[in-house]
Amino acid sequence: MSLNIIIDAMGGDNAPEEIVRGVCAASLETDSKLILVGDENRVKAIVDGTECRKDRLEIVGADSVITMDDAPMSVVRAKKDSSMSVGLRMVKESGDAFVSAGNTGALHAGATLIVKNIKGIRCAAIATLLPFEKPMLMMDSGANINVTPDNLLQWAYTGSVYMKNVMKIDRPTVGLLNNGTEECKGTALQKDAFKLLSENGDINFCGNIEAKQIPFAACDVLVTDGFTGNVVLKLIEGMSKFMLNSLKGMFTHSLLTKMSYLAMKGQLRTLKHTYDASEHGGAPILGISKPVIKAHGSSDARAVLNAVKQAELFCGTGVITEIEELISALKESEKV
């Protein structure tokens with residue numbers, strides 16, 4: 001299937017160099033048309049100096065950049081000529097998917113206001129696959145700070161559709177992130193959400209999930225507000241780096257530990273890949289009418305390559321169509 005995948009070449013800490021190199025690498029592995037949006041001269045110079053399939057690449061100019069310090073609404077107001085804004089308009093008009101490592105708030109606002117939510121979706125959410133032995137999808141991981149129980153209910157539905165279609169889990173379990181497993185725990189948000197989720201027979205709800213249970217496959221879909229989700233995500237990223245660095249220090253301590261490292265080199269490499277953000281590419285913003293992938297802000301070329309692959313995969317899953325049909329049917333029955 002040949003797709004038009006549009007990439008924000010200027011978004012992220014390592015843009016445009018790592019973004020463009022990642023897209024060039026993707027051009028060698030895909031039949032899709034990859035459209036880089038950004039500073040034409042800078043992007044072209046990097047493309048010219050990188051191995052790629054130029055017949056699969058296109059460069060579209062954009063006059064400005066959404067920085068990490070810009071307000072979210074700048075994507076539709078002050079910086080309509082930015083690479084992110086131009087790319088999102090292209091996706092709306094004729095593209096199949098959009099990838100950006102740029103400002104999360106601006107990407108979420110732009111996806112919502114330019115590409116538009118699926119009809120019936122109140123708030124789209126960033127859906128991040130947490131990197132454990134059995135992947136867990138966490139929604140929201142950074143887009144929506146103030147949420148309602150109804151938002152969490154919708155994310156339980158959309159996350160379940162994603163895990164069923166992408167991860168091939170027949171009936172995904174849904175958990176509610178809380179500070180205890182008891183029904184009475186949490187703020188009014190968690191208590192009301194627990195009631196909604198537990199009374200809904202269409203959702204395979206397994207109850208409240210404590211943060212310490214997250215690495216142990218406590219559920220398939222974990223719903224929470226974007227503030228809490230983002231704190232959890234960054235704690236996992238930080239602890240992963242800390243543990244890997246600690247292991248490195250242990251194995252380089254002496255000749256004996258270095259020999260032990262050689263015996264376990266393969267297993268340690270697998271462990272490193274599991275927790276390496278570049279291996280996972282990015283997170284879809286579920287609830288948008290076309291695939292929008294949020295790559296990590298510090299993405300390197302490998303992460304961008306994987307984000308493009310993820311965009312391709314998402315396009316072929318039928319997730320958006322199934323969410324559209326599900327939300328329509330639920331609204332008719334007044335369940336959401």
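# Reading side-chain contacts in a predicted model

Colleague: How many aromatic pairs does a search of the whole structure find?

Modeller: Such a search finds 2 aromatic pairs, where rings of Phe, Tyr and Trp (its six-membered ring) pair if their centres lie within 6.5 Å, and planes under 30 degrees apart count as stacked, over 60 as edge-to-face and the rest as tilted. The rings of Tyr 162 and Phe 314 have centres 5.9 Å apart and planes at 80 degrees, so this pair is edge-to-face. It links distant parts of the chain, 152 residues apart, with Tyr 162 in helix H5 (residues 149–166) and Phe 314 in helix H9 (residues 301–315); helices (H or I, at least four residues) and strands (E, at least two) are DSSP runs, numbered from the N terminus. This is a predicted model, in which local features need pLDDT of at least 70 and side-chain atom pairs count only at pLDDT 80 or more, while totals for chains, interfaces and linings use all residues. Residues are numbered from 1 along each chain as its sequence is written, and side-chain values use heavy atoms, with hydrogens and water left out.

Colleague: Are Tyr 162 and Phe 314 buried or exposed?

Modeller: Buried means under 20% relative accessible area, exposed over 50%, and partly exposed in between (1.4 Å probe, protein chains only). Tyr 162 is buried at 4%, and Phe 314 is buried at 5%. In the other pair, the rings of Phe 194 and Phe 205 have their centres 5.3 Å apart and their planes at 80 degrees, which again is edge-to-face. Phe 194 lies in helix H6 (residues 188–198) and Phe 205 in strand S8 (residues 204–209), so the pair ties together parts 11 residues apart in sequence. Phe 194 is buried at 11% relative accessibility, as is Phe 205 at 18%.

Colleague: What span should H9 have, and how far apart are its end C-alpha atoms?

Modeller: The expected span of a helix is 1.5 Å times one less than its number of residues. For the 15 residues of H9 that should be 21 Å, and the end C-alpha atoms are 21 Å apart, which agrees. Buried residues in H9 include Val 304, Leu 305, Val 308 and Ala 311. An α-helix has 3.6 residues a turn, so residues three or four places apart point the same way.

Colleague: How many salt bridges are there, and which side chains meet in one?

Modeller: A salt bridge is a side-chain nitrogen of Lys or Arg within 4 Å of a carboxyl oxygen of Asp or Glu, and by this rule the count comes to 13. In one of them, the side chains of Lys 164 and Glu 322 meet at 2.8 Å, N to O. This pair links helix H5, which holds Lys 164, with helix H10 (residues 319–332), which holds Glu 322, across 158 residues of the chain. Lys 164 is partly exposed at 32% relative accessibility, and Glu 322 is partly exposed at 24%. Another joins Arg 53 and Asp 55 at 2.7 Å, N to O; here Arg 53 is partly exposed at 33%, whereas Asp 55 is exposed at 57%.

Colleague: How many disulfides does the structure hold?

Modeller: A disulfide is a pair of cysteine sulfur atoms within 2.5 Å, and the structure holds 0. Cys 184 is in no disulfide, and the nearest cysteine sulfur, that of Cys 206, is 17 Å away. Cys 184 counts as exposed, at 57% relative accessibility.
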